[in-house]
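Please look through the structure below before reading on.

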Amino acid sequence: MQKNIIYIGISFLIMIILLQIIKLIYKKFGENKKQIHLKFFKNFIQIFIVLAFLYTSALRFDAFKTFASTLLTSSSLLVVVLGFAFQTSLEDFICGILISIFKPFNVDDRIFLVNQNISGYIEDITIRHTIIRTFTNSRLIIPNSIMNKEIIENNHMIDSKSSGFLDVMITYDSDIEKAKKIMKDLVREHPLTIKDEISEVYIRALNENGVSLRITVTTENIDDNFNVCSDLRGQLIQKFKEEKIEIATNTIKVKDT
């Protein structure tokens with residue numbers, strides 16, 4: 001009995017050391033640790049080490065040895081029982097492997113799950129599930145089997161550059177050419193826009209209340225794009241006021257009774 005305790009104690013110490021070594025190796029990858037296959041492989045190895053420790057420790061006891069031998073003699077029945085009991089977990093594990101091989105996303109990628117109508121950032125992947133951080137800083141735990149079947153829009157895959165539309169509607173009495181120049185100058189002057197990809201300002205539509213103008217705003221990533229478009233809308237309001245360009249508004253006509 002004393003030998004078993006010593007063996008288990010030494011095994012436990014070895015397990016802790018191995019887990020720490022894996023953690024240190026993973027940290028040394030730097031930026032590469034955002035690669036989803038490295039994240040999945042790290043979690044898989046850590047779980048394998050823990051399970052190996054539990055199994056080898058249990059084998060030190062005769063009761064478990066007898067139980068294990070009985071199961072092995074009924075291997076076909078064991079496979080059926082385990083397959084039925086863990087079919088969902090096994091599917092998640094296999095799908096996790098497929099995701100890590102084909103890499104439809106990496107850690108910190110901003111994705112949109114089309115069928116689930118979910119947006120967020122990839123935070124982690126385990127052998128069982130994928131963790132997505134939403135914009136409200138909550139966490140969604142999604143089984144890998146669902147992620148593998150899902151239609152995913154990835155804003156960072158291949159090229160993280162993002163383009164968005166800046167739309168504004170001005171009245172028909174306003175100077176359209178001056179408004180177009182102001183919009184283009186503001187986009188060019190913003191420090192976060194990509195200068196080589198500044199488009200022209202187009203007349204998007206002629207509406208009942210005014211002329212709809214549009215310019216494309218391109219930034220290095222989608223997060224910058226939201227912030228830049230927000231900045232530009234505020235600057236447009238101020239600049240249009242200074243230049244006497246009136247922003248069109250919808251009016252509701254109330255019929256006299």
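The paragraphs that follow take the chain as a whole, then a helix packing, then a surface patch.

This is a predicted model. The chain contains eight helices and eight strands. Of its 257 residues, 33% are buried. Its accessible surface amounts to about 16,700 Å², and carbon and sulfur atoms account for 61% of that area. Contacts can also be sorted by separation along the sequence: among those between residues at least 6 apart, 66% join residues at least 24 apart.

One packing to examine is that of two helices. Two packed helices are described by the angle between their axes and the distance between the axes. Helix α2 covers residues 36-58 and helix α5 covers residues 87-102. The angle between α2 and α5 is about 145 degrees, and their axes lie 8 Å apart. On the α2 side, the residues in contact are Ile36, His37, Phe40 and Phe44, and they meet Phe93, Gly96, Ile97, Ile99 and Ser100 of α5. Sorted by class, this contact between α2 and α5 holds six nonpolar residues, three polar residues and no charged ones.

The surface has a nonpolar patch of about 720 Å². Its members are Ile6, Ile10, Leu13, Ile14, Ile17, Leu18, Ile21 and Ile25. One of them, Ile14, belongs to helix α1, which spans residues 2-27. Is Ile14 buried, exposed or partly exposed? Its relative accessibility is 45%, so Ile14 counts as partly exposed, since that class lies between the cut-offs of 20% and 50%.

Conventions
Residues numbered from 1 in each chain as written. Predicted model: local features only at pLDDT ≥ 70, side-chain atom pairs only at ≥ 80, totals over all residues. Heavy atoms only, no water. Patch = residues over 30% accessible without salt bridge, like charges linked within 9 Å, V, L, I, M, F, W, Y side chains within 5 Å. Areas by Shrake-Rupley, 256 points an atom, 1.4 Å probe, with all protein chains shown as cover. Salt bridge = Lys/Arg side-chain N within 4 Å of Asp/Glu carboxyl O. Helix = DSSP H or I, 4+ residues; strand = E, 2+ residues; numbered from the N terminus. Buried < 20%, exposed > 50% of the residue type's maximum accessible area, 1.4 Å probe, protein only. Axes fitted to C-alpha atoms, helices over the stretch in contact; angles between N-to-C directions. Contact = heavy atoms within 4.5 Å. Nonpolar A, V, L, I, M, F, W, Y, C, P; charged D, E, K, R; others polar.
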